[in-house]
Amino acid sequence: MTKVKAAIIGSGNIGTDLMMKMIKYPQNMELVAVVGIDPESEGLALARKHGVATTHEGIDGLKKLDCYGQIAIAFDATSASAHKIHDETLRKDGIRVIDLTPAALGPFTIPPVNMQVNLDQPNVNMVTCGGQATIPMVAAVSEVAHVHYAEIVASVSSRSAGPGTRANIDEFTRTTARAIEAVGGADRGKAIIILNPAEPPMIMRDTVFTLSEGADEDAIRASVEAMVARVQKYVPGYRLKQQVQFERFGDNNRLRIPGQGDFTGIKTSVFLEVEGAGDYLPSYSGNLDIMTAAAKATGELIAERIAS
């Protein structure tokens, strides 16, 4: 089988973790180039060690590589601001773009929810690590009930948040909130991220709250558990931390929502943890693992579409 050639732009934590996944678990893509801006970066050194072409001259350096004309898919693991420049260049040259930044120039893509919908788009956005972990849970509730409001809290180890992640904190909250609505199906969404400095480093933990009506607790619980199983197909370390919790609101137990009045229905609380596969960074970096695993899974389907 002829493999579709791919490149990774960004040699930091996210780009390097994605690189190691593509090298360790090859499917229908061949990684031919890794791009950075620091000639001494560990990511570029690892790429060279594995025989992958590298450049520390950014997107301009990528265009100088002999393999550039063969690249069909590019993963961008840099920053939201840099991605806007990269996307313009790559699209002009007919290269499909998978965006791991919060730039969100292309449609949001969460593999177990809407992976198949966007396979012909020139640019797809992987939302954020918190979005990849939590939006499937919002979508699971939305599959069986009307979700009026959804709020997610993503708590990750400070050690697993590199310079790119820290530079994109504001974009993280805005992009994730928008995707909670656009992909998760909630009328309103809110996102919060916590960089936890605890030592030893803590595993990624996420909390999802939804306010919904139109389904009973058994239906919601079954939908959530089915969605967890779908995510585990590409992120084995994704799991419920405890049973799904419910609280019902009605005439005798009212919940007042500012600006909206009283809510009648079910509050669902989902508690998750995400353990990384340890392909590059330690297993506590589940926030990186779910992001890069989702990007790789999306890339494989796009490569399959290109090859067909």
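I began with Val34, which counts as buried because its relative accessibility is 2%; buried means under 20% relative accessible area, exposed over 50%, and partly exposed in between, with a 1.4 Å probe and protein chains only. The model I consulted is predicted, so local features need pLDDT of at least 70 and side-chain atom pairs count only at pLDDT 80 or more, while totals for chains, interfaces and linings use all residues. Residues are numbered from 1 along each chain as its sequence is written, and side-chain values use heavy atoms, with hydrogens and water left out.

**Entry 1: Val34**

I located Val34 in strand β2 (residues 29-35). Helices (H or I, at least four residues) and strands (E, at least two) are DSSP runs, numbered from the N terminus. I then looked up what Val34 touches, contact meaning heavy atoms within 4.5 Å. Not counting residues up to four places away in sequence, Val34 touches Ile8, Ser11, Met19, Leu44, Ala47, Val52, Ala53, Thr54 and Thr55. I also noted Thr16, which is 18 residues from Val34 along the chain, with 8.8 Å between the two C-alpha atoms.

**Entry 2: α1 and α10**

I looked up how helix α1 (residues 13-24) packs with helix α10 (residues 286-307): the angle is about 55 degrees and the axes are 9 Å apart. That angle makes α1 oblique to α10. Angles under 35 degrees count as roughly parallel, over 145 as roughly antiparallel, 65 to 115 as roughly perpendicular and the rest as oblique. Axes are lines fitted to C-alpha atoms, for helices over the stretch in contact, and angles run from 0 to 180 degrees between N-to-C directions.

I recorded the crossing of α1 and α10 as right-handed. A crossing is right-handed if the near helix is turned clockwise from the far one by less than a right angle, and left-handed if anticlockwise. From α1 the contact uses Asn13, Ile14, Asp17, Leu18, Lys21 and Met22, and from α10 it uses Leu288, Asp289, Thr292, Ala293 and Lys296. By class, I found five nonpolar, two polar and four charged residues in the contact of α1 with α10. Ala, Val, Leu, Ile, Met, Phe, Trp, Tyr, Cys and Pro count as nonpolar, Asp, Glu, Lys and Arg as charged, and the others, Gly among them, as polar.

**Entry 3: α8 and its cover**

I turned to helix α8 (residues 169-182), which has 14 residues and reaches 20 Å from its first C-alpha to its last, close to the 20 Å expected at 1.5 Å a residue. The expected span is 1.5 Å times one less than the number of residues. Which residues of α8 are buried? I found Phe172, Thr175, Thr176, Ala177, Ala179 and Ile180. Their cover includes β6 (123-125), α6 (129-142), β7 (146-157) and β8 (188-196).

**Entry 4: α6 with two helices**

I next examined α6 against α8, where the angle is about 20 degrees and the axes are 10 Å apart. That makes α6 roughly parallel to α8, and their crossing is right-handed. Cys129, Gly130, Gly131, Ile135 and Val138 of α6 meet Phe172, Thr176, Ala179 and Ile180 of α8.

The axes of α6 and helix α9 (residues 217-232) come within 8 Å and cross at roughly 140 degrees. That makes α6 oblique to α9, in a right-handed crossing. Here Pro136, Met137, Ala139, Ala140 and Val141 of α6 meet Ile220, Ser223, Val224, Met227, Val228 and Val231 of α9.

**Entry 5: backbone**

Most residues other than glycine have a negative phi, and most peptide bonds are trans. I found a cis peptide bond from Glu199 to Pro200, with omega near 0 degrees; Pro200 is in the loop between β8 and β9 (204-213). Ala104 has a positive phi near 55 degrees and lies in the loop between β5 (96-99) and α5 (111-114). Val127, in the loop between β6 and α6, has a positive phi of about 60 degrees. Is Val127 buried or exposed? I recorded Val127 as buried, since its relative accessible area is 1%.
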